[in-house]
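Colleague: Could you take me through the burial, the enclosed spaces and the ring pairs of this model, with the cut-offs behind each term?

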Amino acid sequence: MFVFKIYYGKTNTFFIYHKISYYFCTTKFVFMRNLIRFLKRYSYIFLFIFLEGLSIYIISQNSFYQGSAITSFANEIAGNVNTKIYNITRYFTLGSSNEALVKENARLRSMIESSYVKYQHKTFQYNDTIYKQQFEYIDAKVIQKTINKRNNYFILNKGRIHGVTNNMGVISPNGIVGVVVNVSSNFSLVMSVLHQDSRPNIKNQRTKISGTLIWEGGDYSSGKLVDIPSSIPLKIGDTIITSGFSQDFPEGIMVGKIKNFKKDKGTGFYVVDIKFSVDYNKLEYVYIVKNFFKEEQVELTKDIKNE
Amino acid sequence: MNSQKTLKMNKDIILGFLHFILIAAFQIFVLNGLNIFGYFNPMIYIWFILMLPTNTPKWLGLILSFLMGFTVDIFSGQVGFHAAALTFIGLIRPLFISIFFSGKDIQTNLRPSIAEMSLMTFLPYIVSLVFLHHFVYFTIEIFNFSEFFLTLLRIVCSTIITTLLILICDFFFIPKRKLSH
């Protein structure tokens with residue numbers, strides 16, 4: 001009986017095993033069987049991937065540099081893929097977004113003012129009580145400029161109909177800019193101080209000694225002073241302002257600061273390098289100076305010239 | 001025959017356990033404190049994986065290499081680097097065994113060492129695997145290909161130092177026994 005039991009059990013197990021393998025060997029399950037065999041054979045590869053992934057995960061969690069590098073790499077890939085997907089999908093919403101934009105355009109077009117002509121212009125006046133001189137300032141915007149040529153010009157958005165005439169001075173909140181040399185009905189051309197023929201009269205704020213500002217090309221942030229007698233000592237950092245002797249600018253408009261200077265032995269004058277107070281590259285809003293007594297002054301000096 | 005096999009397996013397990021602890025301790029407490037020229041850190045813990053018996057199952061090799069790398073990682077403060085590099089070695093070690101060793105060596109389930117085989121068989125196996133390990137390790141550690149040649153120099157120098165150390169340890173600590181088979 002005992003022997004039989006063992007025998008029976010053995011047969012039974014063998015039979016079951018045989019049945020299972022037969023079951024898997026039928027053509028219906030051939031794919032399944034191959035898959036299982038494949039997984040069994042290469043299971044260590046999956047184990048490797050798991051362990052290696054675990055290590056890299058630990059690295060990315062614990063080391064800042066590697067972690068951020070992995071994250072940024074992943075972000076870059078994700079970003080690229082997202083951009084590509086967006087580039088494809090946005091065509092599908094093109095119609096509706098166009099419609100929305102057209103409506104928006106129509107609404108905005110009814111609101112803007114720049115399509116209308118402006119007839120009122122603001123002018124700013126102040127009375128200079130010391131010299132009894134009256135200046136008027138017209139605000140203007142620089143719409144075109146050059147700074148890197150030998151002779152540089154600005155174009156302003158105010159012209160003859162706004163009251164601008166030739167030989168008016170132009171200043172900015174930071175200092176001297178130039179002189180109007182040509183006027184059309186809506187625009188004006190300004191010869192900037194970065195020009196061969198620009199020779200505004202200036203003076204040293206501390207010593208009151210006057211001279212002439214010239215520009216010899218090159219760096220737009222620095223100019224030169226001439227005609228300053230070398231008998232009176234200068235200091236580096238002295239402030240240079242307009243003298244008010246020319247009719248174009250009022251007195252006291254900032255020009256710049258002395259960068260360095262040397263004596264010209266032949267002439268007895270200083271050669272002074274100054275740094276402009278205005279950054280001509282960034283220049284945007286300026287004022288045109290209108291001198292009401294200019295004609296009177298010119299009239300006075302006309303006889304001298306004719307002599 | 002069967003009981004002999006079991007005995008050998010038990011012996012392998014105990015020996016492996018001992019090796020694990022001794023090599024890890026040597027790496028952690030002696031070699032990690034030692035920086036040759038400030039650049040080269042000898043990594044003898046690879047030896048543990050290299051001297052596993054040739055018939056070790058692949059999954060066991062992988063798990064052991066991960067554990068070894070992780071142990072060294074925990075004690076050296078930069079977690080994950082050694083584990084990643086050594087797991088890679090655990091993956092490719094069977095391939096290199098089949099390349100460098102003869103069929104007889106593989107079948108007899110021996111531990112790769114100078115005592116068991118000629119130096120000319122042992123050395124290429126050690127050098128190639130150590131080089132690959134260092135390559136992976138330094139690539140992960142530096143994670144930057146801008147100074148590729150400097151990294152390569154470090155890899156080569158570290159490979160030479162680690163290989164020399166493994167040969168020395170092998171020569172002194174693995175007993176030469178008389179080959180019966």
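Colleague: Which residues are buried in α4(A)?

Modeller: This is a predicted model, in which local features need pLDDT of at least 70 and side-chain atom pairs count only at pLDDT 80 or more, while totals for chains, interfaces and linings use all residues. Residues are numbered from 1 along each chain as its sequence is written, chains are lettered from A and ligands numbered from 1 in the order in which they are written, and side-chain values use heavy atoms, with hydrogens and water left out. Buried means under 20% relative accessible area, exposed over 50% and partly exposed in between, with a 1.4 Å probe and protein chains only. By that criterion, the buried residues in α4(A) include A:Q66, A:G67 and A:A69.

Colleague: What covers the buried residues of α4(A)?

Modeller: Contact means heavy atoms within 4.5 Å, and helices are DSSP runs (H or I, at least four residues) numbered from the N terminus. The cover includes α3 (43-62) of chain A, together with α4 (81-100) and α6 of chain B.

Colleague: Which helix gives the largest share of the lining of the largest pocket?

Modeller: A pocket is, on a 1 Å grid over the protein atoms alone, an open set of points with protein on both sides within 12 Å along at least five of seven lines, and lining residues have an atom within 4 Å of a point. About 1200 Å³ of space lies in the largest pocket, and of its 35 lining residues the closest to the centre are B:K8, B:D12, B:P53, B:N109 and B:R111. Both α1 (2-30) and α3 (58-76) of chain B supply at least two lining residues, and the largest share, twelve residues, comes from α1(B).

Colleague: Is the pair of B:F66 and B:F70 stacked or edge-to-face?

Modeller: Rings of Phe, Tyr and Trp (its six-membered ring) pair if their centres lie within 6.5 Å, with planes under 30 degrees apart counted as stacked, over 60 as edge-to-face and the rest as tilted. Both B:F66 and B:F70 lie in helix α3 of chain B, four residues apart, about one turn of the helix. With 5.7 Å centre to centre and 15 degrees between the planes, the pair is stacked.

Colleague: Why is the pair of B:F81 and B:Y137 edge-to-face?

Modeller: B:F81 is buried at 3% relative accessibility, and B:Y137 is likewise buried, at 4%. Because the ring centres of B:F81 and B:Y137 are 6.4 Å apart and the planes stand at 70 degrees, the pair is edge-to-face.

Methods:
1 Å grid on protein atoms, 1.4 Å probe; cavity = no way out; pocket = protein on both sides within 12 Å on 5 of 7 lines; lining within 4 Å. Points joined across faces, edges and corners; volume = space filled by probe spheres on them.
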